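Welcome! Here is a short briefing to read with the sequence and the structure side by side. Take a look at both, then follow the points below.

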Amino acid sequence: MAEERIYRALTLLYPQHFRDHYRDDLAQAHADLVHQRGRSRAWCRSGLDLLITVPRYRLETIMNPRHSDTVILLVIGTLIAIAALATTDVGALFGIIPLALAGLIALTQRSSLARALRTPDSRRRRRRLTTAAKLGVFSLAILVVFRLDVYNDDSWGGRAIVYASVFHVALVAAIVYLVAGLLTPSSTKTSPGSPVVNG
(Lines give C-alpha, C1' and ligand atoms only; values in the text may rest on other atoms or scores of the structure.)
Protein backbone atom coordinates (compact mmCIF):
# COMPACT_ATOMS: atom_id res chain seq x y z
CA MET A 1 0.00 0.00 0.00
CA ALA A 2 2.84 2.41 -0.83
CA GLU A 3 0.48 4.30 -3.15
CA GLU A 4 -1.97 5.01 -0.33
CA ARG A 5 0.88 6.24 1.88
CA ILE A 6 2.05 8.59 -0.87
CA TYR A 7 -1.44 10.00 -1.33
CA ARG A 8 -1.93 10.39 2.42
CA ALA A 9 1.40 12.24 2.56
CA LEU A 10 0.15 14.59 -0.18
CA THR A 11 -2.93 15.40 1.87
CA LEU A 12 -0.55 17.11 4.33
CA LEU A 13 -0.72 20.04 1.89
CA TYR A 14 -4.27 20.75 3.10
CA PRO A 15 -4.84 22.81 6.27
CA GLN A 16 -4.95 20.72 9.43
CA HIS A 17 -8.65 21.20 10.21
CA PHE A 18 -9.51 20.02 6.68
CA ARG A 19 -7.18 17.02 6.94
CA ASP A 20 -8.62 16.00 10.30
CA HIS A 21 -12.12 15.79 8.83
CA TYR A 22 -11.54 14.56 5.28
CA ARG A 23 -8.21 12.71 5.00
CA ASP A 24 -9.74 9.23 5.25
CA ASP A 25 -12.49 10.10 2.75
CA LEU A 26 -9.96 11.50 0.30
CA ALA A 27 -7.75 8.44 0.61
CA GLN A 28 -10.74 6.14 0.09
CA ALA A 29 -11.87 8.14 -2.96
CA HIS A 30 -8.38 7.88 -4.46
CA ALA A 31 -8.26 4.14 -3.80
CA ASP A 32 -11.67 3.72 -5.47
CA LEU A 33 -10.44 5.68 -8.49
CA VAL A 34 -7.37 3.45 -8.78
CA HIS A 35 -9.58 0.36 -8.64
CA GLN A 36 -12.13 1.69 -11.18
CA ARG A 37 -9.98 3.61 -13.69
CA GLY A 38 -6.42 2.45 -13.22
CA ARG A 39 -3.42 3.99 -11.54
CA SER A 40 -2.45 6.62 -14.13
CA ARG A 41 -5.97 8.03 -14.63
CA ALA A 42 -6.59 8.04 -10.89
CA TRP A 43 -3.37 9.98 -10.24
CA CYS A 44 -4.21 12.46 -13.00
CA ARG A 45 -7.59 13.16 -11.48
CA SER A 46 -6.36 13.21 -7.86
CA GLY A 47 -3.36 15.38 -8.80
CA LEU A 48 -5.60 17.88 -10.57
CA ASP A 49 -7.91 17.92 -7.57
CA LEU A 50 -4.97 18.65 -5.25
CA LEU A 51 -3.73 21.45 -7.52
CA ILE A 52 -7.13 23.15 -7.49
CA THR A 53 -8.35 22.59 -3.94
CA VAL A 54 -5.17 22.93 -1.83
CA PRO A 55 -4.59 26.64 -2.68
CA ARG A 56 -8.29 27.36 -2.18
CA TYR A 57 -8.45 25.84 1.31
CA ARG A 58 -5.10 27.38 2.27
CA LEU A 59 -6.35 30.81 1.21
CA GLU A 60 -9.58 30.36 3.18
CA THR A 61 -7.52 29.48 6.26
CA ILE A 62 -5.28 32.53 5.87
CA MET A 63 -8.18 34.90 5.27
CA ASN A 64 -10.24 33.98 8.31
CA PRO A 65 -10.41 36.87 10.81
CA ARG A 66 -8.02 35.31 13.32
CA HIS A 67 -5.22 34.89 10.77
CA SER A 68 -5.84 37.89 8.50
CA ASP A 69 -4.88 40.42 11.22
CA THR A 70 -1.55 38.65 11.71
CA VAL A 71 -0.93 38.47 7.96
CA ILE A 72 -1.61 42.22 7.59
CA LEU A 73 0.80 43.06 10.43
CA LEU A 74 3.48 40.85 8.87
CA VAL A 75 3.02 42.45 5.45
CA ILE A 76 3.30 45.98 6.90
CA GLY A 77 6.37 45.07 8.94
CA THR A 78 8.01 43.44 5.92
CA LEU A 79 7.33 46.47 3.70
CA ILE A 80 8.83 48.80 6.32
CA ALA A 81 11.92 46.58 6.58
CA ILE A 82 12.25 46.51 2.77
CA ALA A 83 11.94 50.30 2.70
CA ALA A 84 14.69 50.68 5.30
CA LEU A 85 17.01 48.33 3.42
CA ALA A 86 16.23 49.87 0.03
CA THR A 87 16.95 53.41 1.19
CA THR A 88 20.23 52.32 2.75
CA ASP A 89 21.46 50.21 -0.17
CA VAL A 90 19.81 51.69 -3.28
CA GLY A 91 18.58 55.16 -2.47
CA ALA A 92 15.76 57.06 -0.83
CA LEU A 93 13.58 57.00 -3.94
CA PHE A 94 13.35 53.19 -3.93
CA GLY A 95 12.47 53.14 -0.24
CA ILE A 96 9.46 55.42 -0.69
CA ILE A 97 7.45 52.84 -2.69
CA PRO A 98 7.31 50.05 -0.05
CA LEU A 99 6.89 52.69 2.66
CA ALA A 100 3.91 54.19 0.84
CA LEU A 101 2.42 50.71 0.38
CA ALA A 102 2.82 49.98 4.09
CA GLY A 103 1.08 53.25 4.96
CA LEU A 104 -1.72 52.59 2.49
CA ILE A 105 -2.33 49.09 3.85
CA ALA A 106 -2.24 50.40 7.42
CA LEU A 107 -4.81 53.09 6.64
CA THR A 108 -7.17 50.84 4.68
CA GLN A 109 -6.95 48.00 7.19
CA ARG A 110 -6.87 50.08 10.38
CA SER A 111 -9.94 48.44 11.92
CA SER A 112 -8.49 44.95 11.42
CA LEU A 113 -5.14 46.04 12.80
CA ALA A 114 -6.77 47.74 15.77
CA ARG A 115 -8.16 44.36 16.82
CA ALA A 116 -4.66 42.93 16.66
CA LEU A 117 -3.15 45.64 18.86
CA ARG A 118 -3.45 45.96 22.62
CA THR A 119 -6.47 47.01 24.57
CA PRO A 120 -7.78 50.58 24.18
CA ASP A 121 -5.77 53.21 26.03
CA SER A 122 -5.96 56.91 25.13
CA ARG A 123 -2.73 57.71 27.00
CA ARG A 124 -0.82 55.02 25.09
CA ARG A 125 -2.26 56.34 21.81
CA ARG A 126 -1.20 59.91 22.66
CA ARG A 127 2.31 58.78 23.68
CA ARG A 128 2.78 56.82 20.45
CA LEU A 129 1.61 59.71 18.26
CA THR A 130 3.80 62.19 20.19
CA THR A 131 6.82 59.91 19.80
CA ALA A 132 6.10 59.58 16.07
CA ALA A 133 5.96 63.38 15.73
CA LYS A 134 9.23 63.83 17.64
CA LEU A 135 10.98 61.20 15.52
CA GLY A 136 9.61 62.81 12.35
CA VAL A 137 10.96 66.23 13.37
CA PHE A 138 14.29 64.60 14.27
CA SER A 139 14.45 62.97 10.81
CA LEU A 140 13.87 66.34 9.13
CA ALA A 141 16.50 67.95 11.38
CA ILE A 142 19.02 65.29 10.32
CA LEU A 143 18.33 66.13 6.67
CA VAL A 144 18.83 69.85 7.30
CA VAL A 145 22.03 69.34 9.29
CA PHE A 146 23.35 66.96 6.61
CA ARG A 147 22.62 69.52 3.90
CA LEU A 148 24.33 72.34 5.84
CA ASP A 149 27.28 70.16 6.83
CA VAL A 150 28.21 68.82 3.39
CA TYR A 151 26.98 71.63 1.12
CA ASN A 152 30.45 73.09 0.47
CA ASP A 153 32.48 69.98 1.32
CA ASP A 154 33.63 67.53 -1.36
CA SER A 155 34.85 64.80 1.04
CA TRP A 156 31.65 63.83 2.83
CA GLY A 157 31.57 60.07 2.12
CA GLY A 158 31.86 58.73 5.68
CA ARG A 159 29.66 61.37 7.21
CA ALA A 160 26.97 60.75 4.58
CA ILE A 161 26.72 57.10 5.67
CA VAL A 162 26.31 58.13 9.31
CA TYR A 163 23.68 60.75 8.47
CA ALA A 164 21.81 58.34 6.18
CA SER A 165 21.81 55.58 8.79
CA VAL A 166 20.51 57.84 11.58
CA PHE A 167 17.91 59.37 9.24
CA HIS A 168 16.55 56.00 8.11
CA VAL A 169 16.39 54.52 11.58
CA ALA A 170 14.54 57.59 12.88
CA LEU A 171 12.19 57.64 9.88
CA VAL A 172 11.27 53.95 10.15
CA ALA A 173 10.75 54.32 13.92
CA ALA A 174 8.54 57.39 13.32
CA ILE A 175 6.39 55.48 10.84
CA VAL A 176 6.08 52.47 13.14
CA TYR A 177 5.02 54.69 16.06
CA LEU A 178 2.62 56.62 13.82
CA VAL A 179 0.94 53.45 12.56
CA ALA A 180 0.79 51.97 16.06
CA GLY A 181 -0.64 55.22 17.44
CA LEU A 182 -3.28 55.54 14.73
CA LEU A 183 -4.32 51.95 15.26
CA THR A 184 -4.46 52.06 19.04
CA PRO A 185 -8.10 52.60 20.08
CA SER A 186 -8.50 55.66 22.28
CA SER A 187 -11.43 54.33 24.32
CA THR A 188 -13.45 51.20 24.81
CA LYS A 189 -16.84 50.83 23.23
CA THR A 190 -19.44 49.49 25.61
CA SER A 191 -22.11 47.25 24.25
CA PRO A 192 -25.77 48.14 24.91
CA GLY A 193 -26.96 46.79 28.21
CA SER A 194 -23.46 46.31 29.62
CA PRO A 195 -22.84 47.95 33.00
CA VAL A 196 -20.79 51.15 33.01
CA VAL A 197 -18.26 51.29 35.81
CA ASN A 198 -17.49 54.78 37.11
CA GLY A 199 -14.44 55.86 39.02
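**Where L129 sits**

Leaving out residues within four places in sequence, L129 is in contact with L178, G181 and L182. Before going further, please keep in mind that this is a predicted model. L129 belongs to helix α7, and with a relative accessible area of 27% it is partly exposed. One of its contacts, G181, is 52 residues away along the chain, yet the two C-alpha atoms are separated by 5.1 Å.

**The overall picture**

- The protein has 8 helices and 0 strands.
- The protein has 199 residues, and 28% of them count as buried.
- Its accessible surface comes to about 13,900 Å², and carbon and sulfur atoms account for 64% of that area.
- Take the contacts between residues at least 6 apart in sequence: 67% of them join residues at least 24 apart.

**The nonpolar cores**

- The largest nonpolar core has 12 residues in all: I72, I76, L79, I80, A83, L99, A102, A106, V172, I175, V179 and L183.
- Three helices each supply at least two residues of this core, namely α4 (65-89), α5 (92-108) and α8 (157-183).
- Helix α4 gives the most to the core, with 5 residues.
- A second, separate core has 8 residues, among them Y14, F18, L50 and Y57.
- What does I80 touch, once neighbours within four places in sequence are left aside? I80 is in contact with L99, A102, V172, I175 and V176.
- I72, one of the residues of the largest core, lies in helix α4.
- Is I72 buried or exposed? Its relative accessibility is 13%, and the cut-off for buried is under 20%, so I72 counts as buried.
- I72 and R110 are 38 residues apart along the chain, while their C-alpha atoms are separated by 9.9 Å.

**How α1 meets α2**

- Helix α1 (residues 2-10) packs against helix α2 (residues 16-37) at an angle of about 135°, and the two axes are 10 Å apart.
- That angle makes α1 oblique to α2.
- The crossing of α1 past α2 is right-handed.
- On the α1 side, the contact is made by E3, Y7 and R8.
- On the α2 side, R23, D24, L26, A27, H30 and V34 take part.

**A closer look at A29**

- A29 is another residue of helix α2.
- A29 and A42 are 13 residues apart in sequence, and from C-alpha to C-alpha they are 9.5 Å apart in space.

- With a relative accessible area of 2%, S139 is buried, whereas L129 is partly exposed.
- Not counting residues up to four places away in sequence, S139 touches F167, A170 and L171.

Notes. Residues are numbered from 1 along each chain as its sequence is written. This is a predicted model: local features need pLDDT of at least 70, side-chain atom pairs count only at pLDDT 80 or more; totals for chains, interfaces and linings use all residues. Side-chain values use heavy atoms; hydrogens and water are left out. Helices (H or I, at least four residues) and strands (E, at least two) are DSSP runs, numbered from the N terminus. Buried means under 20% relative accessible area, exposed over 50%, partly exposed in between (1.4 Å probe, protein chains only). Contact means heavy atoms within 4.5 Å. Accessible areas come from the Shrake-Rupley method with a 1.4 Å probe; for residues, only the protein chains shown count as cover. A nonpolar core is a set of buried Ala, Val, Leu, Ile, Met, Phe, Trp, Tyr and Cys residues joined through side-chain atoms within 4.5 Å. Axes are lines fitted to C-alpha atoms, for helices over the stretch in contact, and angles run from 0 to 180 degrees between N-to-C directions. Angles under 35 degrees count as roughly parallel, over 145 as roughly antiparallel, 65 to 115 as roughly perpendicular and the rest as oblique. A crossing is left-handed if the near helix is turned anticlockwise from the far one by less than a right angle, and right-handed if clockwise.
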